Amino acid sequence: VEIKRRVGLGLVRAGELKRLWQGTGITRKRKIELVDSLIGSKVMYSLETLHTTRKEDDSIDAMQVRVYRRALGLAPPYVAQQKGLEYIKNNELLLLTKSIPWSQRVKAARVRLLNECRTAHEEEPIRKVVFDNNLRPVKWDGRVLPGVSPKRGTWLSTALRNEQELR
């Protein structure tokens, strides 16, 4: 739910900047910088503290490409093919803009937070919440939230998986 809310906020923000994107005096590079700073920061703010699924990561990346297309005035691939316009695939767009997918940035931030938890002093609250004194994960017997599957995993499992992916 939180991911969908943030993606929605990002798209609203992109719509508010429509006049800026249509301005002819701004370079492509500057538009990408503006997307990352004005929209990306809003979407990714403290996302490293949430557990996300692969599907949610994909939706974040799809939103990033969608906003880049709006900013650069590029049609979606299927529309471009039908109308005979400049056809750029999503992965080519990320290469063209020299951008790191936002989900990768979140994963890197999550791994940094995990390492911060590991290296924190034993009395630090952040370490007490995640690890016990022997750096084993703390098990929480909290209540099960309605609609949350136990298969979904935890923040710690996601952070450890991200750590393996980024090696």
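Is Arg-30 buried, partly exposed or exposed, and what is its relative accessible area? In this predicted model, Arg-30 is partly exposed, with a relative accessible area of 43%. Arg-30 takes part in a salt bridge with Glu-33, in which the closest N and O atoms are 3.2 Å apart. Both residues belong to helix H3 (residues 28–44) and are separated by 3 residues, about one turn of the helix. Glu-33 is likewise partly exposed, at a relative accessible area of 36%.

Salt bridges were then considered across the model. Side chains of opposite charge can pair when their charged atoms come close. A search of the whole structure gives 12 salt bridges. One of these joins Glu-165 to Lys-107, with 3.1 Å between the closest N and O atoms. Glu-165 is located in helix H9 (residues 155–165) and Lys-107 in helix H7 (residues 102–119), so this pair ties together parts that are 58 residues apart in sequence. The two partners fall into separate accessibility classes: Glu-165 is partly exposed, with a relative accessible area of 34%, whereas Lys-107 has a value of 9%. Because the limit for a buried residue is under 20%, Lys-107 is classed as buried.

Glu-165 and Lys-107 are also members of a network of salt bridges, which links them with Arg-54, Asp-57 and Arg-161.

A further salt bridge connects Arg-167 with Glu-163, the closest N and O atoms lying 3.9 Å apart. Arg-167 counts as exposed, with 72% relative accessibility, while Glu-163 counts as buried, with 9% relative accessibility.

Helix packing was examined for H4 and H6. Helix H4 (residues 54–72) packs against helix H6 (residues 90–97) at an angle of about 65°, and the two axes are 10 Å apart. The crossing of H4 past H6 is left-handed. On the H4 side, the contact is made by Gln-64, Val-65, Tyr-68, Arg-69 and Leu-72. On the H6 side, Asn-90, Leu-93, Leu-94 and Thr-97 contribute. Sorted by class, the residues of this contact comprise 5 nonpolar, 3 polar and 1 charged.

Key
Residues are numbered from 1 along each chain as its sequence is written. This is a predicted model: local features need pLDDT of at least 70, side-chain atom pairs count only at pLDDT 80 or more; totals for chains, interfaces and linings use all residues. Side-chain values use heavy atoms; hydrogens and water are left out. Axes are lines fitted to C-alpha atoms, for helices over the stretch in contact, and angles run from 0 to 180 degrees between N-to-C directions. Helices (H or I, at least four residues) and strands (E, at least two) are DSSP runs, numbered from the N terminus. A crossing is left-handed if the near helix is turned anticlockwise from the far one by less than a right angle, and right-handed if clockwise. Contact means heavy atoms within 4.5 Å. Ala, Val, Leu, Ile, Met, Phe, Trp, Tyr, Cys and Pro count as nonpolar, Asp, Glu, Lys and Arg as charged, and the others, Gly among them, as polar. A salt bridge is a side-chain nitrogen of Lys or Arg within 4 Å of a carboxyl oxygen of Asp or Glu. Buried means under 20% relative accessible area, exposed over 50%, partly exposed in between (1.4 Å probe, protein chains only).
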